[in-house]
Amino acid sequence: MFVPDRDWWQALFATIDSGDAAAFVKCLTADAEFRFGNSPAVMGAETIGTSVAGFFSAIASSKHQLLQFWCEDDCVGCEGEVTYTRHDGSRVSFPFANVFKLRGEKIASYHIYIDNSSLFVSHA
């Protein structure tokens, strides 16, 4: 059984922070499920890629800081903080927790628990 270590988590978040949706999708199984916050779940790697690409284009960049992670059989999770840079250059940070179901080294179910509702609120 594959047990993700800190390097695996760091590589995953580096892929996300690169803003490369195609590279992100390579971390997923073809039939993966993806849920971001309270948005409806998106099914299938291709559809997830389109959804994630849309989010990446809505921000200038992201930077994840991994605080801790854990593993229980095929279910793994982590806690951290993500800082988003908006297109106007302003930054905002949010705590998050992710819970994954793994199939081998790939993610079959990816749930992000975050309240980033103020990310796109005017801050002027």
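This briefing walks through the pocket, the sheet, the salt bridge and one loop glycine of the structure above. The model is predicted, so local features need pLDDT of at least 70 and side-chain atom pairs count only at pLDDT 80 or more, while totals for chains, interfaces and linings use all residues. Residues are numbered from 1 along each chain as its sequence is written, and side-chain values use heavy atoms, with hydrogens and water left out.

**The largest pocket**

- The largest pocket holds about 420 Å³ of space; a pocket here is an open set of points on a 1 Å grid over the protein atoms alone, where a 1.4 Å probe fits, with protein on both sides within 12 Å along at least five of seven lines.
- Its volume is the space filled by probe spheres set on the points, which are joined across faces, edges and corners.
- The lining has 25 residues, with Phe34, Phe36, Phe55, Tyr84 and Ile112 nearest the centre; a lining residue has an atom within 4 Å of a point.
- By type, the lining comprises 15 nonpolar residues, nine polar and one charged, where Ala, Val, Leu, Ile, Met, Phe, Trp, Tyr, Cys and Pro count as nonpolar, Asp, Glu, Lys and Arg as charged, and the others, Gly among them, as polar.
- Helix 3 (45-58) is among the elements that each supply at least two lining residues, and helix 3 gives the largest share, four residues.
- Helices (H or I, at least four residues) and strands (E, at least two) are DSSP runs, numbered from the N terminus.

- Six strands form an open sheet in the order 2-1-6-5-4-3, with mixed pairing; two strands pair if DSSP finds at least two bridges between them.
- At the edges lie strand 2 (42-43) and strand 3, each pairing on one side only.
- Strand 4 and strand 5 run antiparallel to each other, paired over 11 bridges.
- Glutamate 81 has proline 95, in strand 5, as its bridge partner.

**The salt bridge**

- There is one salt bridge in the structure, meaning a side-chain nitrogen of Lys or Arg within 4 Å of a carboxyl oxygen of Asp or Glu.
- It joins the side chains of aspartate 31 and arginine 103 at 3.0 Å, N to O, linking strand 1 to strand 5 across 72 residues of the chain.
- Aspartate 31 is partly exposed at 44% relative accessible area, and arginine 103 is partly exposed at 48%.
- Buried means under 20% relative accessible area, exposed over 50%, and partly exposed in between (1.4 Å probe, protein chains only).

**A loop glycine**

- Glycine 104 sits in the loop between strand 5 and strand 6 and is partly exposed, at 48%.
- Glycine 104 and phenylalanine 2 are 102 residues apart in sequence, yet 6.0 Å apart in space, C-alpha to C-alpha.
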